[in-house]
Amino acid sequence: MSTTGATADPLAALGSLPGVAESVESVRKAVDRVYGHRIMRRRSNEITSEAALRGARGSAALSGADWALEEVRRRTDFSGDDEARVMGAALRLTAEAGQLLSIWRQSPLRVLARLHLVAAASKKDTVGRPRQEGEGVDEPLIELPLPSAAEVSGRLEGLSELIIAGSSAPALVTAAVVHGELLALRPFVSHNGLVARAAERIVLVGSGLDPKSVCPAEVGHAELGRAAYLAALDGYVSGTPEGMAAWIAHCGRAVELGVRESTAVCEALQRGAA
């Protein structure tokens, strides 16, 4: 996303794209419904914990580790193979995201570095910093052209400035742009998809749209499928109004499906309490 131009608030300008206002309103209504559920009012901590687990599972599925939910619950060791390590990284990121909310608006780049450090769980000198010229990226499921390190640096700085300055844009728009920009840039040598989805979660929670973190967009992204995810991302990368609007709408639908997941959890708990 270009952060230069005539408008002082490019994020807010995206809110006026055709169809975006409708997506924003649909998401707000869905979130309000789950927050109004009688079980949410009494047992929100349980819903939050379950949403975190399901969100991590969904994010890992999009990065190639598509495990059954019960397998994620059962496992205690996530170091065995590539898929297990992806799942472990997703779980760590979900847990870490909630600890970084207060830092995000002051220092988003610091938060992104921390997320990569947590995901990689490594002390290599490539971890926790944007990639440098000549360094490759291990992100086999995203085959878009890779921006140069110089472009990554400039666009990350622009994104950081937008976040710090604040915007009147709806939370969904900001979250979708953060998510899409990180996928497009792939600023780290690994785990960019997982980091991008964790950052989306931070925006949705920190904005106040989903303060209890019970609307896991990662669940929705996984349910919509990798092909639809990558097709929507192509729209974001194109930079056209239609492509940007389609990506935002896709992210909105993912949030709504995350709401549906947590509503189902509420209903199951209610049946158990009956």
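## Packing of H5 against H7

In this predicted model, helices H5 and H7 pack with their axes 8 Å apart and at an angle of about 145°. The crossing in which H5 passes H7 is right-handed. From H5, the contact draws on Ala89, Arg92, Leu93 and Glu96, and from H7 on Arg114, Leu115, Val118 and Ala119. Sorted by class, the residues of this contact are five nonpolar and three charged, with no polar residue.

## Helix H7 and its surroundings

Helix H7 comprises 13 residues, numbered 108-120. Its first and last C-alpha atoms are separated by 18 Å, close to the 18 Å expected at 1.5 Å a residue. Directly after the helix, Ala121 adopts a positive phi of about 50°.

Which residues of H7 are buried? They are Pro108, Val111, Leu112, Leu115, His116, Val118, Ala119 and Ala120. Of the residues in the contact with H5, Leu115, Val118 and Ala119 are included in this buried set.

## Packing of H9 against H10

On the H9 side, the contact involves Ala171, Leu172, Thr174, Ala175, Val178, His179, Leu182 and Leu183. On the H10 side, Asn192, Gly193, Ala196, Arg197, Ala199, Glu200, Val203 and Leu204 take part. By class, 10 residues of the contact between H9 and H10 are nonpolar, four are polar and two are charged.

## Packing of H3 against H11

Helix H3 spans residues 38-62 and helix H11 residues 217-224. How are their axes arranged? The axes come within 7 Å and cross at roughly 40°, and the two helices are therefore oblique to each other. The crossing of H3 and H11 is left-handed.

H3 contributes Arg54, Gly55, Arg57, Gly58, Ser59, Ala61 and Leu62 to the contact, while H11 contributes Glu218, Val219, His221 and Ala222. The residues of the contact between H3 and H11 comprise four nonpolar, four polar and three charged.

Conventions. Residues are numbered from 1 along each chain as its sequence is written. This is a predicted model: local features need pLDDT of at least 70, side-chain atom pairs count only at pLDDT 80 or more; totals for chains, interfaces and linings use all residues. Side-chain values use heavy atoms; hydrogens and water are left out. Helices (H or I, at least four residues) and strands (E, at least two) are DSSP runs, numbered from the N terminus. The expected span of a helix is 1.5 Å times one less than its number of residues. Buried means under 20% relative accessible area, exposed over 50%, partly exposed in between (1.4 Å probe, protein chains only). Axes are lines fitted to C-alpha atoms, for helices over the stretch in contact, and angles run from 0 to 180 degrees between N-to-C directions. Angles under 35 degrees count as roughly parallel, over 145 as roughly antiparallel, 65 to 115 as roughly perpendicular and the rest as oblique. A crossing is left-handed if the near helix is turned anticlockwise from the far one by less than a right angle, and right-handed if clockwise. Contact means heavy atoms within 4.5 Å. Ala, Val, Leu, Ile, Met, Phe, Trp, Tyr, Cys and Pro count as nonpolar, Asp, Glu, Lys and Arg as charged, and the others, Gly among them, as polar.
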